[in-house]
Amino acid sequence: MEDLEIPPLSKGGDIILGGNFYFHSSWKNIENTYTQKPLPLECISLNFREFQFAQAMSFAIEEINNSTDLLPGISLGYHIYDTCRSIAKSIKVALASNNADDICLNSEEPCTRPAKVQAIMGEGSSSPCKAMDTVLGPFHIPLISHFATCACLSDKSKYPSFLRTIPSDYYQSRALGYLVKHFGWTWVGAVRTNDDYGNNGMATFTETAEQLSICLEYSVSFFRTDSTEKMQKIVDIIKASTSKVIVAFLSPREMEMLTYVLSLHNLTGYQWVGSESWIFDSQVASMDKSHILDGAIGLFIPKAYISGLKEFMLNVKPLISSNNNLFTEFYEALFSCKFKQSQLEEIQPECTGHEDLTGVENSFTDMSLMPIFNNIYKGVYAVAHAMHRILKCNKTCNSSVQLAPFVILQHIQKIHFKTKEGDEVYVNENGDPAAKYEIINWQPRDNDIVDFVSVGLYDLSLPEDKQLNLQPNSLIWAQSSKQVPVSVCNEKCPPGRRKVLQKGKSVCCYDCITCAEGEISNITDSITCVRCPLESWSNERRDACVTKEAEFLSYEEIMGILLTTASLLGTCTTAAVAFIFFRYRKTPLVRANNSELSFLLLFSLTLCFLCSLTFIGRPSEWSCMLRHTAFGITFVLCISCVLGKTIVVLMAFKALLPGNKVMKLFGPTQQRLSVLTFTFIQVIICILWLTISPPFPMKNLKEYKDKIILECALGSDVGFWSVIGYIGLLAMLCFIFAFLARKLPDNFNEAKFITFSMLIFCAVWITFIPAYVSSPGKFSVAVEIFAILASSFGLLICIFIPKCYIMLMKPEKNTKKHIMGKE
């Protein structure tokens, strides 16, 4: 974490404590040594924040020294040094602390005295920590940071003595990635500090973003010392961008600088996602007069409380008696007064030493960074607990034990304890504590005040699906909006379309192309369309393999019900006619027309009516084979009977001629054989058809795009048309014979009715062929059933109804004389 330097609150700031502080334990001393050793560095700003951090360390040490449970009889001493954020000065302080030679701090001579420092608290920045641990690592002096979060410092092969009480940026960067993904932002910009903190943190975020399909439109870096031209380039990049979300891995100083530059160009309305270095910094918020950062969201250390710390910090009067110029300058800057006026300086009120902090509002009186103070507090206690174990303290400590930094380092790495507030303190093998973050949202109030509202928690110790816990209703977004901002390069491709990447652009930028006919994409942002099974393809929807409606002539629909009713009516009518014929079987009318063939014809007509039912319902393998063969055989049987009756009538006329013995050649036996022969030929055709290529159920996917036609494929077209052709051939012969016998002299000439019935039969089946071929789907089946029923009713009505009428209504005509035309 970057150090938290802020601009001076008053003019004339000189060399002031920068807050990059260290302490060493001088445990054999009974009294604290409270010594300030300002370094001759070019510090140009007064930083109350860093002084707060030093005060937090002082508080922890005094609390330990006053404790009877921890290190009884031992007092910890400490020194506070200022490095002014200079890596070079940090290294020099590390060398000086290692040699415990105060003179070395102001001397150009090398430091040669042996080390007496047990631990160092600080730095608050990653780059100085890297430099310091490179120097201190070989000596195994623990370097415990409260705010340096660079993931690079977890590498124990490079930084063996580095420890921290704040989570590594590895976890924060990944958490920021998941936070961005949670809100659907796939097209974001990135700004970072150009140092170890910003570069390493952003590298991890970028890696996580790639894994989560998040694209960075741009990623720029800068440092506080960069030129105006460099800042202008960054402003131009942000202006030209289309992303509305900016992830900022910046230190507070850089954030202040960037906010100021953006305010000059009035670049508002962006949704900022911040790292913990600035997201909870009230100084950054107070400087954002143009509301650039309103609605910002980010991660910060969970809230903490240390009883007594606030009162300790705000009690500044003892600082006056320290006789130290640094504290004097701090006191003067805090209350905007001077103990000694200089003629060259602007006249200010004189300090009395009794100033009251009540009513003073600045970064020193702001306790919002209590979580960071808590990190310092835990770091000091970690060292104390390690020493407590090494010295085998109970009621007293073994002061004869020789302390060594390496031993302290080993014990700190294994330490596990709870503070007085109940916080657990421990580190893993990389020297990092457990990762847990509060999600902070900037919510502006009146009078340019910003509330840092906790809107959730990100806890990496929980299962992955429970790590992010948000309260979305309490969030305020950029420009005080309640709606979640949208930041995508393109709108998502809905189901039914696929993504096509735009040439030369990021993978998050694409065009949405509608899937081709017969292809589908059933997920959002699909990169491909897949071929949908034709039986599931819907022309109206390309977002899913929508199961088509299966269409067939069923018993439940109106058409199926009507045809079934007609079939059953025909069957019942035929049965009724058969009953009448059976009752009047001994009458001349029945006997004159070959009663045996009449009953066989009625039986075959019954089968014809019933075979139409096999065409209704869902096609199956057996129904497909049965419907066509049953139809073919029953109709041949029917036509064979009619043909037999026609031949009988014709032969009977010929038999009336003198010397003609035709009837002897076509007697009852021959009639039966003719029917059997004609029918057997059709049976042979059907057997060959079923053997070679039988009908089978199929799904017709070509007729309609949005439905499936379930029908019976013919199997062999030759077989089907052979069956139909044979029926037609017999029907034509029957018609010809009946036509020849139409003028026979009988009063009741059956040939006339057969001729008329065959005329109807042929007309029906001639019109059936084009109607069958042109009818779509289930209507073709309905046409075929209609043809069967129409021809069957034609035969039944034309041949049998007139006879029934005579038998029932005109019994006086049911005599041999009348039939022979002698009456």
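## Burial and the overall chain

A residue counts as buried when its relative accessible area is under 20%. In this predicted model, phenylalanine 330 has a relative accessibility of 1% and therefore counts as buried. Buried residues account for 53% of the 823 residues in the protein chain.

The protein chain contains 22 helices and 22 strands. Of its contacts with a separation of 6 or more, 70% are between residues 24 or more positions apart. The accessible surface of the chain is about 37,500 Å², and carbon and sulfur atoms contribute 57% of that surface.

## Aromatic pairs

The whole structure holds 23 aromatic pairs. One of them joins phenylalanine 183 and tryptophan 477: the ring centres are 4.9 Å apart and the planes stand at 80°, so the pair is edge-to-face. Phenylalanine 183 sits in the loop between helix 4 (169-182) and strand 6, while tryptophan 477 sits in the loop between strand 15 (468-470) and strand 16 (497-501), so the pair ties together parts 294 residues apart in sequence. Phenylalanine 183 and tryptophan 477 are both buried.

Phenylalanine 330 pairs with phenylalanine 364; their ring centres are 5.2 Å apart with planes at 70°, so this pair is also edge-to-face. Phenylalanine 330 belongs to helix 10 (residues 325-335) and phenylalanine 364 to the loop between helix 10 and helix 11 (370-390), so that the pair links distant parts of the chain, 34 residues apart. Phenylalanine 364 has a relative accessible area of 0% and is therefore buried, and phenylalanine 330, at 1%, is buried too.

## An aromatic cluster

Trp278, Phe280, Phe300, Trp442 and Phe452 make up one aromatic cluster.

## A buried arginine

Arginine 192 is part of strand 6 (residues 187-193). The residue is buried but has no salt bridge. The nearest side chain of opposite charge is that of aspartate 195, 8.0 Å away; a salt bridge would need a side-chain nitrogen of Lys or Arg within 4 Å of a carboxyl oxygen of Asp or Glu.

Neighbours within four places in sequence aside, the contacts of arginine 192 are Gly198, Asn199, Met202, Ser219, Val220, Ser221, Phe222, Phe249 and Leu250.

## A nonpolar surface patch

Phe680, Ile684, Ile687, Leu688 and Ile692 form a nonpolar patch on the surface. Together these residues have about 510 Å² of accessible area. Phenylalanine 680 lies in helix 18, which covers residues 668-692.

Technical notes: Residues are numbered from 1 along each chain as its sequence is written. Side-chain values use heavy atoms; hydrogens and water are left out. Patches are made of residues with over 30% relative accessible area and no salt bridge: like charges are joined within 9 Å, nonpolar side chains (Val, Leu, Ile, Met, Phe, Trp, Tyr) within 5 Å. Accessible areas come from the Shrake-Rupley method with a 1.4 Å probe; for residues, only the protein chains shown count as cover. Helices (H or I, at least four residues) and strands (E, at least two) are DSSP runs, numbered from the N terminus. Buried means under 20% relative accessible area, exposed over 50%, partly exposed in between (1.4 Å probe, protein chains only). Lys and Arg count as positive and Asp and Glu as negative; His and the chain ends are not counted. Contact means heavy atoms within 4.5 Å. Rings of Phe, Tyr and Trp (its six-membered ring) pair if their centres lie within 6.5 Å; planes under 30 degrees apart count as stacked, over 60 as edge-to-face and the rest as tilted.
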